Amino acid sequence: MSSSYFEHDADIGIIGRGLTIEQSFEAAAHAVFAIITNIEAVHPQTAVSLEFEEADLELALVVWLNLILGKARELGMVFSHFHIQRQNDHWHAKAAGEKWHDGLERGVEVKGATLTMLAVKPIGPVWESRCVVDV
């Protein structure tokens, strides 16, 4: 599982890679939250469960990223560990992290995932999930 970024004029392109679709989604979430803070310093003290329905893989990526961003804002948290599973069109997920505190470095605020340059596809043996996030 890995994550990276790509150039975009005003925002930031994120890429998540994994051996499965789910792992690529987890890596994409990692890439998003690594923009927000140094997530290596975030302790996974509190886990939250999330669920959603989406048949389209590309739209599922956007829903997933926006759901965890919204939950982080709602709870005043930052997440560092992600797990997602798919059963047909139903997605079950957990995100773990901690409340924001003075010891955490603040990076760039990510407002949300967009449909820009959205793709979820296999590239050889690896799944790649990418989109542009609004910062």
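**Note on the predicted model**

1. Met117 is a place to begin: with a relative accessibility of 45%, Met117 counts as partly exposed. The residue sits in the loop that joins strand S6 (112-113) to strand S7 (119-123). Its phi is positive, about 55°, although Met117 is not a glycine. The structure discussed here is a predicted model.

2. A second residue with a positive phi is Asn88, at about 60°, and Asn88 is not a glycine either. The loop between S4 and S5 holds Asn88. Is Asn88 buried or exposed? Its relative accessibility is 69%, and because the cut-off for exposed is over 50%, Asn88 counts as exposed.

3. Helix H1 has 16 residues, and at 1.5 Å a residue they should span 22 Å. The C-alpha atoms at its ends are 23 Å apart, which agrees with that expectation. Of the 16 residues of H1, 13 are buried, so the helix is largely enclosed by the rest of the structure.

4. Glu22 has its place in helix H1. This residue is buried yet has no salt bridge. Which side chain of opposite charge is nearest to Glu22? The nearest is Arg86, 4.0 Å away. Not counting residues up to four places away in sequence, Glu22 touches Ile84, Gln85 and Arg86.

5. The aromatic pairs come to 5 in number. In one of them, the ring centres of Phe25 and Trp91 are 5.1 Å apart and the planes are at 0°, so this pair is stacked. Phe25 belongs to helix H1 (residues 21-36) and Trp91 to strand S5 (residues 90-99), so the pair ties together parts that are 66 residues apart in sequence. Phe25 has 0% relative accessibility and counts as buried. Trp91, with 0% relative accessibility, also counts as buried.

6. Trp64 and Phe82 make an aromatic pair with an edge-to-face arrangement, 6.4 Å from centre to centre and 85° between the planes. Which elements does this pair tie together? Trp64 is in helix H2 (residues 57-75) and Phe82 is in strand S4 (residues 77-87), so the parts tied together are 18 residues apart in sequence. Trp64 and Phe82 are both buried. Together with Phe33 and Phe79, they form one aromatic cluster.

7. A charged side chain also lies over a ring in this model: Arg106 is over the face of Trp100, 4.0 Å from the ring centre.

8. How many salt bridges does a search of the whole structure find? The search finds 3. Side chains of opposite charge can pair when their charged atoms come close. One of the salt bridges is between Arg17 and Glu128, whose closest N and O atoms are 3.2 Å apart. This pair links distant parts of the chain, with Arg17 in strand S2 (residues 12-18) and Glu128 in strand S8 (residues 126-134), 111 residues apart. Arg17 is partly exposed at 26% relative accessibility, whereas Glu128 is buried, with a relative accessible area of 9%.

9. Glu128 also takes part in a salt bridge with Arg130, where the closest N and O atoms are 3.1 Å apart. Through shared partners, these salt bridges join Arg17, Glu128 and Arg130 into one network.

10. Another salt bridge is formed by the side chains of Glu74 and Lys71, at 3.5 Å from N to O. Both residues lie in helix H2, 3 residues apart, or about one turn of the helix. Glu74 counts as exposed at 57% relative accessibility, while Lys71 counts as partly exposed at 22%.

11. Leaving aside neighbours within four places in sequence, Lys71 is in contact with Val48, Leu50 and Phe79. Phe79 is also one of the members of the aromatic cluster that includes Trp64 and Phe82. The C-alpha atoms of Lys71 and Ile14 are separated by 19 Å, and these two residues are 57 places apart along the chain.

Methods:
Residues numbered from 1 in each chain as written. Predicted model: local features only at pLDDT ≥ 70, side-chain atom pairs only at ≥ 80, totals over all residues. Heavy atoms only, no water. Phe/Tyr/Trp six-rings, centres within 6.5 Å; stacked < 30°, edge-to-face > 60°. Helix = DSSP H or I, 4+ residues; strand = E, 2+ residues; numbered from the N terminus. Buried < 20%, exposed > 50% of the residue type's maximum accessible area, 1.4 Å probe, protein only. Lys NZ or Arg CZ within 6 Å of the ring centre and 35° of its normal. Lys, Arg positive; Asp, Glu negative; His and termini not counted. Contact = heavy atoms within 4.5 Å. Expected span 1.5 Å × (residues − 1).
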